[in-house]
Amino acid sequence: MERPSFQSLQAHYASRLKQFQTSNRNFEVLASVSPGHDDDPVSSPDVLYVLDSSFNPPTLAHRRIVSSALLGDPSRSPRLLLLLATQNADKPSKPASFEDRLAMMDLFARDLLSHLQSTSSETSQPSLPVIDVAVTKKPYFMDKAAEIEGAGIYPKSLEQVHLTGYDTLIRIFDPKYYPPEHTLQPLEPFLSRHRLRVTLRPDSNWGSRDEQEAFLRDLADGKKDEIGAKREWAPRIQLVEGRKPGAPSVSSTRAREAATTNPQDLDWLVPSSIQEMIMSERLYSN
């Protein structure tokens with residue numbers, strides 16, 4: 001798969017992003033990366049995996065999360081959506097610009113397809129997805145899902161599986177994000193139709209694996225009913241293994257720090273094409 005230059009990617013996404021930001025649209029696919037040639041037929045998907053992140057930058061942890069989902073269910077015909085919110089509820093837009101992040105998301109999509117082709121065996125070859133690079137103006141989770149569903153880009157009945165970390169699950173279930181009543185009732189339209197695939201991240205901030213798994217047990221047992229949660233949501237949330245015990249933590253924060261202090265650490269933090277762009281464009285030098 002031929003890779004465009006960093007400059008051409010930046011120019012493409014800067015132009016498309018400007019058009020989007022001045023439009024009245026709340027969600028738009030800016031580019032699609034196909035596993036084959038442009039004229040190859042594309043099968044209709046029966047599941048849409050959504051990776052909604054700040055991609056500042058995309059990391060090998062992002063790749064592991066997506067690969068695990070795709071390789072874990074090779075029987076389904078998937079499509080993948082990489083989604084960047086331009087009005088994030090919690091995170092500022094710096095240090096990398098949105099167009100730089102979108103360019104890195106494009107590089108990430110190409111790396112992911114190559115990775116899937118090289119790591120899957122012939123007997124368990126997954127159906128490689130078309131990967132969409134998209135933006136949304138909606139900062140909140142359930143609003144993003146509704147915009148995707150109503151955009152007319154994907155089949156109306158297509159199930160969304162949102163790939164998140166445990167920290168994101170906690171934010172999704174935090175009533176403070178749902179004014180004015182501050183209950184979880186606004187999640188009902190989403191969790192009655194779609195799913196969450198949550199990567200565990202046991203650490204000192206988020207608790208042990210057992211403590212994180214207890215979240216789902218409490219939901220199923222009705223211990224979150226008082227904040228508007230429903231017990232029937234529990235089967236629609238899948239908790240999956242994260243990094244192996246003893247493996248170093250990989251995060252966008254750590255990658256940004258490495259770019260300025262220990263560039264050699266980018267080898268195990270981000271895909272090589274993104275490492276090249278970070279260093280050549282000096283994305284985090286300031």
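User: Is Arg195 buried, partly exposed or exposed, and what is its relative accessibility?

Analyst: The model is a predicted one. A residue is buried under 20% relative accessible area and exposed over 50%, with partly exposed in between. Arg195 therefore counts as partly exposed, its relative accessibility being 31%.

User: How far apart in sequence are the parts tied together by the pair of Glu159 and Arg195?

Analyst: Glu159 forms a salt bridge with Arg195, with 2.8 Å between the closest N and O atoms. On the accessibility scale Glu159 counts as buried, at 13%. Glu159 belongs to the loop between α4 and β5, whereas Arg195 belongs to strand β6, so the pair ties together parts whose separation in sequence is 36 residues.

User: How many salt bridges does the structure hold, and which elements contain Glu28 and Arg16?

Analyst: The structure holds 20 salt bridges. In one of them the side chains of Glu28 and Arg16 meet at 2.9 Å, N to O. The two residues are twelve residues apart in sequence, and the pair ties together strand β1, which contains Glu28, and helix α1, which contains Arg16.

User: What is the C-alpha to C-alpha distance between Phe27 and Ala85?

Analyst: Phe27 lies in strand β1 and is buried, with a relative accessible area of 7%. Phe27 and Ala85 are 58 residues apart in sequence, and their C-alpha atoms are separated in space by 9.1 Å.

User: How many aromatic pairs are found, and is the pair of Tyr140 and Tyr177 stacked, tilted or edge-to-face?

Analyst: A search of the whole structure gives six aromatic pairs. For Tyr140 and Tyr177 the centres are 6.1 Å apart and the planes make an angle of 55 degrees. Stacked rings have planes under 30 degrees apart and edge-to-face rings over 60, the rest being tilted. The pair is accordingly tilted.

User: Which of these two tyrosines is buried and which is partly exposed, and how far apart in sequence are the parts that they tie together?

Analyst: Tyr177 has a relative accessible area of 15% and is buried, while Tyr140, at 32%, counts as partly exposed. Tyr140 sits in the loop between β4 and α4 and Tyr177 in the loop between α5 and α6, so the parts that the pair ties together are separated in sequence by 37 residues.

User: What is the geometry of the pair formed by Phe173 and Phe215, and which cluster contains both residues?

Analyst: The ring centres are 5.3 Å apart and the planes stand at 85 degrees, so the pair is edge-to-face. It links distant parts of the chain, with Phe173 in the loop between α5 and α6 and Phe215 in helix α7. Both residues are buried. Ring pairs place them in a cluster of Tyr166, Phe173, Trp206, Phe215 and Trp233.

User: How far is the charged end of Lys137 from the ring centre of Phe20?

Analyst: A charge sits over a ring if it is within 6 Å of the ring centre and within 35 degrees of the ring normal. The charged end of Lys137 sits over the ring of Phe20, and its distance from the centre is 4.8 Å.

User: What is the volume of the largest cavity, in Å³?

Analyst: The count comes to two cavities of 30 Å³ or more. Residues that line the largest cavity include Ile148, Tyr154 and Lys156. By class, its lining has four nonpolar, one polar and two charged residues. The volume of this largest cavity is about 50 Å³.

User: Which peptide bond is cis with omega near 0 degrees?

Analyst: Most peptide bonds are trans. A cis bond joins Asn56 and Pro57, where omega is about 5 degrees. The cis bond with omega near 0 degrees runs from Pro179 to Pro180.

How values were computed. Residues are numbered from 1 along each chain as its sequence is written. This is a predicted model: local features need pLDDT of at least 70, side-chain atom pairs count only at pLDDT 80 or more; totals for chains, interfaces and linings use all residues. Side-chain values use heavy atoms; hydrogens and water are left out. Rings of Phe, Tyr and Trp (its six-membered ring) pair if their centres lie within 6.5 Å; planes under 30 degrees apart count as stacked, over 60 as edge-to-face and the rest as tilted. Helices (H or I, at least four residues) and strands (E, at least two) are DSSP runs, numbered from the N terminus. Buried means under 20% relative accessible area, exposed over 50%, partly exposed in between (1.4 Å probe, protein chains only). On a 1 Å grid over the protein atoms alone, a cavity is a set of points where a 1.4 Å probe fits but cannot get out, and a pocket is an open set with protein on both sides within 12 Å along at least five of seven lines; lining residues have an atom within 4 Å of a point. Grid points are joined across faces, edges and corners, and a volume is the space filled by probe spheres set on the points. Ala, Val, Leu, Ile, Met, Phe, Trp, Tyr, Cys and Pro count as nonpolar, Asp, Glu, Lys and Arg as charged, and the others, Gly among them, as polar. A salt bridge is a side-chain nitrogen of Lys or Arg within 4 Å of a carboxyl oxygen of Asp or Glu.
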